[in-house]
Amino acid sequence: MKRSALLLHFRTLALFVLMLLLSGAVTLLFGAEGEGSRPMTFFSVWALPRVWVGAILGFLGLVLLMTRKATAWVRFAALVIIFLAFSVVPFLPWGKFASGMGLHPSPMCSVEKPLMFIQMGRSVPIIFISILGFILLMTVIANKLFCGWNCPIGALQELLHRIPLPRGWKGKLPFRITNAIRIALFLLFVALLFGMGFSLYAWINPFEFLHWQMEWAIIPAFVITFIGALFFYRPFCYLVCPIGLLTWLAEHISILRVRLDKQACTDCMLCVKKSPCPTVPSILEGKKSRPDCHACGACIEACPENALKFK
Ligand code: SF4
Ligand code: SF4
């Protein structure tokens, strides 16, 4: 392995260790003990089926990406499995396993609720910090591994985006604009929460659908997530989700990601044309900061020269 690559991996690992230490520090500062005779700890939360099943799915996704086997049909099957695993299995009569697959807290709540606890002057339950730590760990190991291979709302959006529409009806939103909106919404959420005690995210949370209860958050969440996904790739992830924002920041230090072999590339642009996301041009240009890559594998499959690799 080249010295520069070794240095890069060493820097990434050092940052990852720093992140774990920070998680521990946050737990000590803000964390509250779990209820019951055995208090929950940061790592005991990871014994929940949703975490280890998520880790297995992420690992399988990683193997498929690294061996160039994440083809369109394999990806389709994976998306269906991800959606069913975290939105239907929790409601099956499968005892503790099923209840452990439930999204409590959901990815969105793992950002929203801790800030609400802090705003109320209360300790943050460790489960929130631990789930957030798991999401960040998956993201640092491989680019958006959680969002791409664990999240049922991400999977549902990607499935909806595959529904064919008349030519020209599908588009790619400019990342600068979507990211600016996502950041503005987060800042507005923080300002309203700490200024007025109002949670903006509670009104735009599509994870409510996965509780299969139609609540008041339904209209904006429905429009952005499900109708928008027919026309744009993962609109909720790029425009709204605070986990999308956080994992976009974290993916700058991901160990494994899509990398370009410049010498093999013929500039045919097939990867750009066949990928649904706005990320691929930045990969070709070698930009350090690029739009969210959800590790779908579409650009890798599209390249006839095998110039794009997940490594
Ligand atoms: S960004 Fe998208 S995939 Fe990631 S947690 Fe949010 S909804 Fe799920
Ligand atoms: S498809 Fe492959 S060869 Fe063509 S531009 Fe993309 S990376 Fe280069």
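Reader: At what angle do helix 6 and helix 12 pack, and how far apart are their axes?

Author: The angle is about 40 degrees and the axes are 9 Å apart. Axes are lines fitted to C-alpha atoms over the stretch in contact, and angles run from 0 to 180 degrees between N-to-C directions. This is a predicted model, where local features need pLDDT of at least 70, side-chain atom pairs count only at pLDDT 80 or more, and totals for chains, interfaces and linings use all residues. Residues are numbered from 1 along each chain as its sequence is written, while chains are lettered from A and ligands numbered from 1 in the order in which they are written.

Reader: Why is helix 6 called oblique to helix 12?

Author: Under 35 degrees is roughly parallel, over 145 roughly antiparallel, 65 to 115 roughly perpendicular, and the rest oblique. About 40 degrees therefore makes helix 6 oblique to helix 12.

Reader: Which residues make the contact?

Author: Helix 6 brings Ile-135, Leu-136, Thr-139 and Val-140, and helix 12 brings Ile-243, Thr-247 and Ala-250. Contact means C-beta atoms, placed from the backbone, within 7 Å.

Reader: What makes up that contact by class?

Author: There are 5 nonpolar, 2 polar and no charged residues. Ala, Val, Leu, Ile, Met, Phe, Trp, Tyr, Cys and Pro count as nonpolar, Asp, Glu, Lys and Arg as charged, and the others, Gly among them, as polar.

Reader: How does the shell around ligand 1 divide?

Author: Into 8 nonpolar, 2 polar and 1 charged. Among the residues around ligand 1 are Cys-147, Arg-234 and Ile-243.

Reader: And what about ligand 2, how does its shell divide?

Author: That one has 11 nonpolar, 1 polar and 2 charged residues.

Methods:
Near = placed C-beta within 6 Å. Helix = DSSP H or I, 4+ residues; strand = E, 2+ residues; numbered from the N terminus. Contact = placed C-beta atoms within 7 Å.
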